[in-house]
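Trainee: I would like to learn how to read a protein model. Could we work through one together?

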Amino acid sequence: MRYERMNPCKECMKHSASCGGENTCKQVRQKKLRPYTGIRFTSDGFDCAFPVSIDVHSVCSFGCLYCFAVNTIQGRVNTITPIGEASLSKLEGIFSGKSESKEAQMFRRALKYHDRNENGYPCAVQLGAISDPMDNIERQRGWFLKFAEIVKKYDQPVKISTKGNLFLEKEYLDAVKDKPELFFVTYSIITPDDKVIKEVEPRAPNATERLQCMKNLTDLDVKVGLRLRPMLPGVSDSTPDYPQAYKTLIERSVDAGATAISFECAFVPGRMTEDMQNRWKTLEKIVDKPLVNIYNNFGKNQACMRPPYQWTEQIMHAVYEEAKKHDLVIGVSDPAWKQLTEVGCCCGITEDDPVFGNWQRESATNQLMIARDTGKLLSRHDITPEWASHKSLCGLVNPGVGPTAAYTHRHGTWAEVLSKLWNNPEKERSPLYYFQGALIPVKRDKDGELYYKYQGLKRKTPENTPFWKIN
Ligand code: SF4
């Protein structure tokens, strides 16, 4: 059995000091992990084209210093509950249609099983939204190998985001090679500098290995892309060994077969646990920049601290230009510079992709792009998918505390949340704030529905931006 013949601790020994004493490995070597739902509606539903995600395990082993997922999954030191592993039988019940539960039907609805594309494919499901599906827990468990058999049985496309190196292994390549068209693997790499990665993403494979995985998949006709996110000064722009880091990374990704890029600048979580504060302190030492202070000085604009567009303009455009040079499909996940996107899916997947093109059109990214290109005024109906009126908030958003919050959580719908955000421009997650002024409210109809117009962000074209080194 896999758990008997592999020992991830052994390979991890060099990193044991950063393990945090969470006994993750010990748990992972048990035969069974805590059964856990794993599949969920993404809380990024406002601007994401893939509404359904699977968090394979409830924790991630990579330990990136900037990770915000430790706040949303159970990754906090001292608050660890047993590791959960997504139930394969539950997933098969959803993909096969055999599960009659209301929840399973909701997932099928959001995955557009009733509205497949001309080639018969539903919307892709995401692996790797808030824990890495190819991390060292997966290396030990081999969950993906069984999952791949299920998705191939039901022709369910899977969009994977990872920093893992499991596609160096024959058994993982074998798992996808007979139906390569069903997998789209995007590699999260924020610098080509392996030395920097070792410090910033301490238990994740280096960039060289990730790029080799990209190449291996390309050789099997699996589509691959680059996720250059979250970009950080001193990491993604320029390092001592890579003075034009983003350029080198894009070139190497293209050489490895990448056809698309998705990019955004880092944000700083608004509320940090002590563990997160320590991670950010370490990160600051590595990049030799007072990152948290820099972000604090921007002022609080959202629940997480997003940098203002003036500070990210130069790096976002530099990456855009480089990606254009290499004919990559450009998907922009950064809320401030969505106007640079070429496609309405921020992973960089085109509408006419024969397998993956059936993504959700009612996302703010796609609608902002339509407004940019056509002058259309947008209403909340444009960003509200059909399933949202039926989906309760359970599992989608943090309910807060108190009886009212609990009631809303159970009985409110995602469509109601979208409506509140859309129609109240003063809210921090409203389109006005979220896109930093690229969409502005222009009129309200008799029912109180607000309409937004695209005006875009005006470039200032700075020659230098504080703390970035962009050549
Ligand atoms: S791979 Fe993702 S989830 Fe895992 S530690 Fe890094 S940022 Fe967090």
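The dialogue below takes a few features in turn.

Mentor: Two notes come before the features. This is a predicted model, in which local features need pLDDT of at least 70 and side-chain atom pairs count only at pLDDT 80 or more, while totals for chains, interfaces and linings use all residues. Residues are numbered from 1 along each chain as its sequence is written.

Trainee: Which residues surround the ligand?

Mentor: A residue is near a molecule if its C-beta atom, placed from the backbone, lies within 6 Å of it. Here the ligand is surrounded by C60, F62, G63, C64, C67, A69, I130, S131, D132 and K163.

Trainee: How many residues of each class are in that shell?

Mentor: Ala, Val, Leu, Ile, Met, Phe, Trp, Tyr, Cys and Pro count as nonpolar, Asp, Glu, Lys and Arg as charged, and the others, Gly among them, as polar. The shell around the ligand has six nonpolar, two polar and two charged residues.

Trainee: How do I read a strand such as strand 6?

Mentor: Helices (H or I, at least four residues) and strands (E, at least two) are DSSP runs, numbered from the N terminus. A residue is buried if 20 or more other C-beta atoms lie within 10 Å of its own, exposed if 12 or fewer, and partly exposed in between, with C-beta atoms placed from the backbone. In strand 6 (residues 158–162), five of the five residues are buried. In a regular strand the side chains alternate between the two faces of the sheet. In strand 6, V158, I160 and T162 point one way, K159 and S161 the other way.

Trainee: Which strands pair with strand 6?

Mentor: Two strands pair if DSSP finds at least two bridges between them. Strand 5 (residues 125–127) pairs with strand 6 in the parallel sense over three bridges, and L127 stands opposite I160. Strand 7 (residues 183–188) also runs parallel to strand 6, joined to it by five bridges; there T186 is the bridge partner of S161.

Trainee: What do strand 6, helix 9 and strand 7 make?

Mentor: A crossover is right-handed if, with the strands pointing away from the viewer, the path from the first strand over the helix to the second runs clockwise. Strand 6, helix 9 (residues 170–177) and strand 7 make a right-handed β-α-β unit.

Trainee: What span should helix 13 have?

Mentor: The expected span of a helix is 1.5 Å times one less than its number of residues. For the 14 residues of helix 13 (residues 274–287) that gives 20 Å, and the end C-alpha atoms are 20 Å apart, which agrees.

Trainee: Which residues of helix 13 are buried, and which are exposed on the other side?

Mentor: M276, R279 and L283 are buried. Seen down the axis, the buried residues of helix 13 fall within an arc of 60° (taken from the directions from the helix axis to the C-beta atoms), so they line one face of the helix. On the other side, E274, Q277 and K285 are exposed.
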